[in-house]
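I opened this structure for the first time today. My notes follow the order in which I looked things up.

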Amino acid sequence: MLPNMDTIFALSSGAVPAGLAVVRISGAEVPAVLASLIGAPPPARQAALRSIRTRNGLVIDTGLVLYFPAPYSFTGESVAEIHLHGGRAVVDALHRELAEFENLRPAAPGEFSRRAFENGKLDLVEVEGLADLIAAETEMQRRLAVEQSSGGLSSVYNGWAHRLTRARALIEAELDFPDEEDVPGSVSDQVWADVENLITEMREHLLQLEAGEIIRDGFKVVIAGSPNAGKSSLMNALAKRDVAIVTDIAGTTRDVLHVDLNMDGYLVKLYDTAGLRDAAETVEREGIRRAEKAISEADLLIFLEDMSVDAATNIYPEGALLVGAKSDLPRKSMNEYDLVISAADGTGLGRLRAVIVERLRAKVHPQSMAIPSRARHKDSLAKSLVAMETALLSPTRGLDLRAEDLRAAGDALGRVTGRVDVENLLDLIFGEFCIGK
Ligand SMILES: Nc1nc2c(ncn2[C@@H]2O[C@H](COP(=O)(O)OP(=O)(O)OP(=O)(O)O)[C@@H](O)[C@H]2O)c(=O)[nH]1
Ligand SMILES: [K+]
Ligand SMILES: [Mg+2]
């Protein structure tokens, strides 16, 4: 662990050279550093044009400076942003100058966000969303990430956490004050009805995980078929560049090749694989083994068949798209195809793209973007769900044990956002009833 009291700095904008470079500094030393670099700081959160100088008074550059006094900043610490011209030597000169200050050092990867988390500015779900937003390459990835980074998903989880805490508070009230008249008799029923609703909502939420993963990680489309069917040619045609080697030699492709495509704002990961046949040769056999693994992990399998040869229909998995290739050549195959294409003259490629998007949309039609997209979310939510189900479905267990189940459910849920619920149970109990009035 790096010491937390250090003030950290880093180039927060993209690679230099560029028009601008933004250097961010966070920590207790910021006021002193600003005093040295520019003299009096600009008014809080307002940009001011300043000369940025070394301690010897030499001008490094002139640019906008922003000062965010703690705690009103991204990290919750005092932060400065210095906008420089984006030249390598300019940025290097400022970095050299900053490194000279005591208690200042370059930031470790993710350290600004980590401080934001530790200071309660962002929860874990928001931090992950921010990482996704920065990595987003498609419109749908952006929409998912912006919902997550700006607290939309967290507020769903916080709402559930609050309901769980309340349920446990009411059950514990019943345990602690069984004879208290002011505790309504049907409290238990009301609590278990809400736990049941919570279970339903959480289950529905988890059903959206596949959609979230497809948006975030991409829709995996695998092209498979016999050697020489035209798989690599199709991949190159869809990618609009020469990704894969194409020859008339059967068994050309060995490794699984892959390109990222942006289709209708969705990330589509397209894979080209070795032709499937009984191969004797070691390298080709390994290629086919890899092809079979890719096929088993596909969201959509495109099974390609060369229509210009009299091929017997291959056995292909259910749900696969059977595509006839080389429609520009005289047709010999009598098999029926979902669609026919020619990588050579472009026939059917638009239709194939449309079908890929249709298949994707069949799996991804979120009502909202507040959906889970990581296995980490699923694991904790599933644990929470199991604990709630245990509490709900075993009424013969003692009420104390069932309250304990609810606590376990709340803890598991709290681990998703990294904010284990600290609400005071007694506040809730005394807030809702007039026990001990
Ligand atoms: N006429 C015509 N020829 C094609 C078409 N698509 C591919 N071919 C030819 O078919 C041969 C095999 O193409 P590939 O794309 O290498 O086939 P593949 O399925 O990747 O083959 P392997 O990697 O060996 O399994 C090459 O000679 C291509 O030029 C097409 O649409 N029309
Ligand atoms: K080939
Ligand atoms: Mg190939």
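**Ground rules.** I am reading a predicted model, where local features need pLDDT of at least 70, side-chain atom pairs count only at pLDDT 80 or more, and totals for chains, interfaces and linings use all residues. Residues are numbered from 1 along each chain as its sequence is written, while chains are lettered from A and ligands numbered from 1 in the order in which they are written.

**Confidence.** I checked pLDDT, the predictor's confidence in each residue from 0 to 100. The chain averages 91, and 92% of the residues score at least 70. Residues 422-426 stay under 50. For the complex, I noted an ipTM of 0.99 and a pTM of 0.87.

**Sheet.** I took strands (E, at least two residues) and helices (H or I, at least four) as DSSP runs, numbered from the N terminus. Two strands pair if DSSP finds at least two bridges between them. I found an open, mixed sheet of six strands, ordered E3-E4-E5-E2-E1-E6. Strands E3 (48-53) and E6 (104-106) are at the edges with a single partner strand each, so one side of each has no neighbour in the sheet. E1 (residues 7-11) and E2 (residues 18-26) run antiparallel, joined by four bridges. Leucine 11 has valine 23 in E2 as its bridge partner.

**Ligand.** Which residues come nearest to ligand 1? Of the 23 around ligand 1, they are Gly230, Ser232, Ser233, Thr253 and Gly275. I counted a residue as near if its C-beta atom, placed from the backbone, lies within 6 Å. Helix H9 (residues 231-239) gives the most to this shell, with three residues.

Note on methods
Contact = placed C-beta atoms within 7 Å.
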